[in-house]
Amino acid sequence: LLRLVNNLSAAPLISQTEPLETKNVELVAWLTELMHCAQPLVAHAGVRLTLRCSLTAHVAAIHPSYLERLLWNLLSNAVKYTPSGGEVTVTLRAAAGQVLLTVADSGVGIPPEQQAHLFDGYLEKLRMPPPPQGLGLGLPLCQAIARGHGGRLLLQSGPEAAGSALHQTVLREPPFAYGGGFHPVLLGLADALPYTAFTRKNLD
């Protein structure tokens, strides 16, 4: 519910066409810190979380809070559909003036009939995913954030992919900010975690 409210607060971004305001950020350290925060939470779901990055450092112009939102949405989806004992892998690469951030999972993948409307299913009630999957806003938001960085969000799912892989070239924090005491990482991954993640005081 917390993540749903957070996504609803950022929903206007989906129709925004202007580029996001960005600043130079060292991506390797930024992503490593986010992965460090997510690791113990993902472990609650029985899923391994791995970061693959051969870069020692790489500076790019990003909107940190929105790109963080994109990563939490993709990680949450990956963890939610990966069975216990599976693996979610985040990869950061840079080439030809672009940065590629990949979130891949070892889950069952996305049926072909759902892939065509993966980014617009929220527009029609009959295409919306059934409860408790939410309103289908997560991936459209990710697509808008990627577009706001001058990039794009790509999907690969099927026999050639281990589960589903969502890629986005690197591409304002929404006004809503939950102040109830939950760790922001816990909030971002809320709908993919078992209840035990919320009862551990050391994860507050």
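The structure holds 1 salt bridge, a term that requires a side-chain nitrogen of Lys or Arg within 4 Å of a carboxyl oxygen of Asp or Glu. In this salt bridge the side chains of Glu-87 and Arg-48 meet at 3.5 Å, N to O. Because Glu-87 lies in strand 4 and Arg-48 in strand 2 (residues 48-53), the pair ties together parts that are 39 residues apart in sequence; helices (H or I, at least four residues) and strands (E, at least two) are DSSP runs numbered from the N terminus. Glu-87 is partly exposed at 22% relative accessibility, and Arg-48 is partly exposed at 47%, where buried means under 20% relative accessible area, exposed over 50%, and partly exposed in between (1.4 Å probe, protein chains only).

This is a predicted model, in which local features need pLDDT of at least 70 and side-chain atom pairs count only at pLDDT 80 or more, while totals for chains, interfaces and linings use all residues. Residues are numbered from 1 along each chain as its sequence is written, and side-chain values use heavy atoms, with hydrogens and water left out.

His-149, in the loop between helix 5 (138-148) and strand 6 (153-157), counts as buried at 10% relative accessibility. The side chain of His-149 reaches two backbone atoms, as tabulated here.

| Side chain | Backbone atom reached | Distance |
|---|---|---|
| His-149 | nitrogen of His-63 | 2.9 Å |
| His-149 | oxygen of Ile-145 | 2.8 Å |

Leaving aside its neighbours within four places in sequence, Leu-75 is in contact (heavy atoms within 4.5 Å) with residues including Val-88, Val-103 and Leu-189.

Conventions:
Polar contact = N/O pair within 3.5 Å; in protein donor to acceptor, adjacent residues only side chain to side chain.
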